[in-house]
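Trainee: I have a chain open here and would like to talk it through with you. Could we start with the aromatic side chains and then move on to the helices?

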Amino acid sequence: PVGKNLLSEHASAERELQREYGGRSLWELLQNADDANAPAGSGSSRLIGAKGLGFKSVLEITDEPELHSGEFHFLFSAEKTRELVQKEVGAFSGTLTFRIPHPVEPTLEIRSLLAKFQTVIRLPFRDAVARDKAVRLMNQWSTSKCIAPLLLCQHLAELSLGFEETPIRWCTRQRPKPFTDGDTVIEAVHDGKSHCSA
């Protein structure tokens with residue numbers, strides 16, 4: 001019973017994260033890439049993400065995200081985890097995706113990408129609705145000349161967007177410098193009166 005209670009708690013936390021990060025999957029992946037390109041030894045205060053929470057936003061478009069890096073090849077799957085939990089603990093009706101990694105064999109395409117990149121993430125679309133959502137988000141970036149997403153990155157200087165019928169677009173900028181502390185002034189006007197805070 002204690003084990004099932006803990007599993008239910010984890011399933012509830014995962015559902016809450018999905019709600020909080022809905023609609024942000026591409027932004028979260030970009031932030032992860034930016035953090036991965038940070039200089040070795042960069043402290044958490046110099047990174048955008050925190051504890052990998054945002055990556056879970058990919059569940060809005062996929063049920064089985066795959067990660068391939070070096071000799072590590074695994075996927076996360078609510079269905080495979082449910083089968084394993086039922087076998088080991090007993091009947092469980094909750095949905096847990098990110099608690100247990102499951103091994104997966106990389107395809108030839110993944111292996112060819114790993115020859116050029118350190119890490120490859122594969123997000124097979126759940127359905128046509130998820131696919132359309134991803135295409136719509138990519139097209140939004142594409143029409144903004146895709147430089148806007150790079151403005152929030154500290155360590156990325158190049159971004160390419162491509163998806164089947166969408167032509168690949170490249171955008172680059174001068175190698176970004178680390179952010180520095182600065183003053184911020186916020187002004188709110190209410191009933192004709194200005195209220196500022198720094």
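Trainee: Is Phe-98 buried or exposed?

Mentor: Phe-98 is buried, with a relative accessible area of 11%, where buried means under 20% relative accessible area, exposed over 50% and partly exposed in between, using a 1.4 Å probe and protein chains only. Please keep in mind that this is a predicted model, in which local features need pLDDT of at least 70 and side-chain atom pairs count only at pLDDT 80 or more, while totals for chains, interfaces and linings use all residues. Residues are numbered from 1 along each chain as its sequence is written, and side-chain values use heavy atoms, with hydrogens and water left out.

Trainee: OK, and how many aromatic pairs are there in the whole structure?

Mentor: A search of the whole structure gives three aromatic pairs, counting rings of Phe, Tyr and Trp (its six-membered ring) whose centres lie within 6.5 Å, with planes under 30 degrees apart called stacked, over 60 edge-to-face and the rest tilted. One of them joins Phe-55 and Phe-98 edge-to-face, at 5.9 Å centre to centre and 70° between the planes.

Trainee: Which parts of the chain does that pair tie together?

Mentor: Phe-55 sits in the loop between helix H2 (25–36) and strand S1 (66–69), and Phe-98 in the loop between H3 and strand S3 (101–103), so the pair ties together parts that are 43 residues apart in sequence. Helices (H or I, at least four residues) and strands (E, at least two) are DSSP runs, numbered from the N terminus.

Trainee: What about Phe-74 and Phe-76, what kind of pair do they form?

Mentor: Theirs is also an edge-to-face pair, with 5.5 Å centre to centre and 85° between the planes. Phe-74 counts as partly exposed at 23% relative accessibility, whereas Phe-76 is buried at 12%, and Phe-55, Phe-74, Phe-76 and Phe-98 form one aromatic cluster.

Trainee: Switching to helices, which residues of H3 are buried?

Mentor: In H3, which spans residues 78–88, the buried residues are Ala-78, Thr-81 and Val-85. They cover an arc of only 65° around the axis, which puts them on the same side of H3; the arc is that of the directions from the helix axis to the C-beta atoms.

Trainee: And what follows H3?

Mentor: Gly-90 follows H3, and its phi is positive, near 120°.

Trainee: Last one: how many helices and strands does the chain have?

Mentor: The chain has six helices and eight strands, and buried residues make up 34% of its 198 residues.
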